[in-house]
Amino acid sequence: MKVRVVLGDDHAMLREGLIALLQQETDIEVVGQASHGLELLRMTRQLTPDVVIADVSMSMMGGIEVARRVRGELLSSRVLCLSATALHGQVLEALEAGALGYVLKNNGYGELARAIRHAYRHQVFLSSELVAPVMNACRAGQASASDTAGQPLTWREREVTRLFAEGCSTREVATRLHISAKTVATHRSHVFRKLNIHSVADLTRYAVKEGMTSLG
């Protein structure tokens with residue numbers, strides 16, 4: 001029996017390349033692909049794959065939120081988060097949301113295949129360079145902290161920050177994240193308070209400094 005996989009990533013070239021490689025595995029079958037988080041969640045509900053691979057920075061709904069929804073809806077699929085960045089606080093948030101693994105895009109393809117097999121067996125998998133930092137963070141009681149010292153933004157707050165920094169209006173942020181404008185405003189207020197800033201200009205400078213956006 002093959003492990004049935006659905007892959008979500010908004011970069012078509014990467015998504016199609018990974019699918020081509022996964023289809024070469026004798027024990028893995030890709031049964032669907034999605035270009036954004038909402039599509040991935042709908043596909044997960046419809047196809048009930050064994051493993052869902054979710055890019056954490058997908059538009060409309062990031063991979064961590066997908067993991068949270070899959071767990072909240074008691075779906076049987078196991079979620080693996082895929083990311084280009086090794087943010088340890090983000091990894092911890094993904095695991096807290098219900099993801100069974102976190103794989104970095106800059107590692108070899110074979111690691112993703114191993115992660116899929118681990119998730120299928122209900123085993124947690126982390127890219128090797130994440131293991132020690134994440135364990136240290138857990139021991140230090142930093143499970144809810146972000147990688148920015150003293151600035152514990154949640155992953156959703158980081159998404160809102162990035163979108164505002166890239167020039168989106170409140171309504172546009174709400175549309176892209178599939179949440180209400182009121183919720184966006186609440187997240188922005190929390191970000192301002194946590195960072196001790198008072199304007200979108202300050203928010204943009206913070207996002208650029210922290211590498212959350214390619215602006216500048």
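Leaving aside neighbours within four places in sequence, which residues is Gly32 in contact with?

1. Basis. This is a predicted model, in which local features need pLDDT of at least 70 and side-chain atom pairs count only at pLDDT 80 or more, while totals for chains, interfaces and linings use all residues. Residues are numbered from 1 along each chain as its sequence is written, and side-chain values use heavy atoms, with hydrogens and water left out.

2. Gly32. Contact means heavy atoms within 4.5 Å. With neighbours within four places in sequence set aside, Gly32 is in contact with Val5, Val6, Leu7, Met43 and Leu47. Gly32 belongs to strand E2; helices (H or I, at least four residues) and strands (E, at least two) are DSSP runs, numbered from the N terminus.

3. Burial of Gly32. Buried means under 20% relative accessible area, exposed over 50%, and partly exposed in between (1.4 Å probe, protein chains only). Gly32 has a relative accessible area of 11%, so Gly32 is buried.

4. Helix H2. The buried residues of H2 are Gly37, Leu38, Leu40, Leu41, Met43 and Thr44. Their cover includes strand E1 (3-8), strand E2 (28-34), E3 and helix H3 (63-72). Just after H2, Thr48 has a positive phi of about 40°.

5. Asp50. This residue sits in the loop between helix H2 (37-47) and strand E3 (51-55). Not counting residues up to four places away in sequence, Asp50 touches Lys2, Val3, Arg4, Ser77, Arg78 and Tyr120. A polar atom of the Asp50 side chain lies 2.7 Å from the backbone nitrogen of Arg4.

Methods: A polar contact is a pair of N or O atoms within 3.5 Å; within protein, one must be able to donate a hydrogen and the other to accept it, and residues adjacent in sequence count only if both atoms are side-chain atoms.
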